[in-house]
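Look at the structure first, then read on.

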Amino acid sequence: SFKNEGNILFGKDQFERALALCEKSLIFYEYCFDGNASERKSAEKLRLQCLLNSAACFLHLNRYRKCIEQCDEALEIDCN
């Protein structure tokens, strides 16, 4: 999956490439999950992980404003 590949690239300090895969994952989840409540909950959990991963990439790339935007969006999903 895009998310897993992105995690591998992140671990290799390939933040630009990891970020591209995180963004692909976010697009995928946004457009592909219109199902029942259980599916939406599962999709939101994965979306949250992708947002946090992309925020970490932005942080490593010194793109702080984008990092904050991703964190803000993640907090809309789960403020705990």
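Helices here are DSSP runs of H or I, at least four residues long, and they are numbered from the N terminus. By that rule Lys66 lies in helix α4. The model is a predicted one.

## Helix α2 against helix α3

Two packed helices are described by the angle between their axes and the distance between the axes. Take α2, residues 15-32, and α3, residues 37-60. Their axes come within 9 Å and cross at roughly 155°. An angle over 145 degrees counts as roughly antiparallel. α2 and α3 are therefore roughly antiparallel to each other. Their crossing is left-handed.

On the α2 side, the contact is made by Phe15, Ala18, Leu19, Cys22, Glu23, Ser25, Leu26 and Tyr29. They meet Leu46, Arg47, Cys50, Leu51, Asn53, Ser54, Cys57, Phe58 and His60 of α3. By type, the residues of this contact divide into 11 nonpolar, 4 polar and 2 charged.

Ser25 is worth a stop. This residue lies in helix α2. Is Ser25 buried or exposed? Its relative accessible area is 2%, so Ser25 is buried. Leaving out residues up to four places away in sequence, Ser25 touches Phe2, Lys3 and Cys50.

## Helix α3 against helix α4

Helix α4 covers residues 64-77. The axes of α3 and α4 come within 8 Å, with a crossing angle of roughly 160°. This pair, therefore, is also roughly antiparallel. The crossing of α3 and α4 is left-handed.

From α3, the contact draws on Glu44, Arg47, Leu48, Leu51, Leu52, Ser54, Ala55, Phe58 and Leu59. From α4 come Tyr64, Lys66, Cys67, Gln70, Cys71, Glu73, Ala74 and Ile77. The residues of the α3 and α4 contact divide into 11 nonpolar, 2 polar and 4 charged.

## Helix α1 against helix α3

Helix α1 runs over residues 2-11. Its axis and that of α3 come within 11 Å and cross at roughly 25°. Angles under 35 degrees count as roughly parallel. That makes α1 roughly parallel to α3. The α1 and α3 crossing is left-handed.

Which residues of α1 meet α3? They are Lys3, Asn7 and Phe10. Across from them are Leu46, Gln49, Cys50, Asn53, Ala56, Cys57 and His60 in α3. This contact divides into 5 nonpolar, 4 polar and 1 charged residues.

## Nonpolar cores

The largest nonpolar core has 8 residues. They are Leu9, Ala18, Leu19, Leu21, Ala55, Cys57, Phe58 and Cys67. The elements giving two or more residues to this core are α2 and α3. Apart from it lies another core, of 6 residues, which includes Leu26, Tyr29, Cys50 and Ala74.

Two members of the 8-residue core, Leu9 and Phe58, deserve a look. Leu9 is in contact with Gln14, Arg17, Ala18 and Leu21, leaving aside its neighbours within four places in sequence. Phe58 sits in helix α3. With a relative accessible area of 1%, Phe58 is buried. Not counting residues up to four places away in sequence, Phe58 touches Leu19, Glu23, Arg63, Lys66, Cys67 and Gln70. The C-alpha atoms of Phe58 and Ile68 are separated by 8.9 Å, and these two residues are 10 apart along the chain.

Lys66 is one of the residues touched by Phe58. Its relative accessible area is 30%, so Lys66 is partly exposed. Lys66 and Asn36 are 30 residues apart along the chain. Their C-alpha atoms are separated by 31 Å.

## Loops with positive phi

Asp13 lies in the loop between α1 and α2. Its phi is positive, about 60°, although Asp13 is not a glycine.

Asn62 is in the loop between α3 and α4. Phi of Asn62 is near 60°, a positive value in a residue other than glycine.

Terms used: Residues numbered from 1 in each chain as written. Predicted model: local features only at pLDDT ≥ 70, side-chain atom pairs only at ≥ 80, totals over all residues. Heavy atoms only, no water. Axes fitted to C-alpha atoms, helices over the stretch in contact; angles between N-to-C directions. Parallel < 35°, antiparallel > 145°, perpendicular 65-115°, else oblique. Left-handed = near helix turned anticlockwise from the far one by under 90°. Contact = heavy atoms within 4.5 Å. Nonpolar A, V, L, I, M, F, W, Y, C, P; charged D, E, K, R; others polar. Core = buried A, V, L, I, M, F, W, Y, C linked by side-chain atoms within 4.5 Å. Buried < 20%, exposed > 50% of the residue type's maximum accessible area, 1.4 Å probe, protein only.
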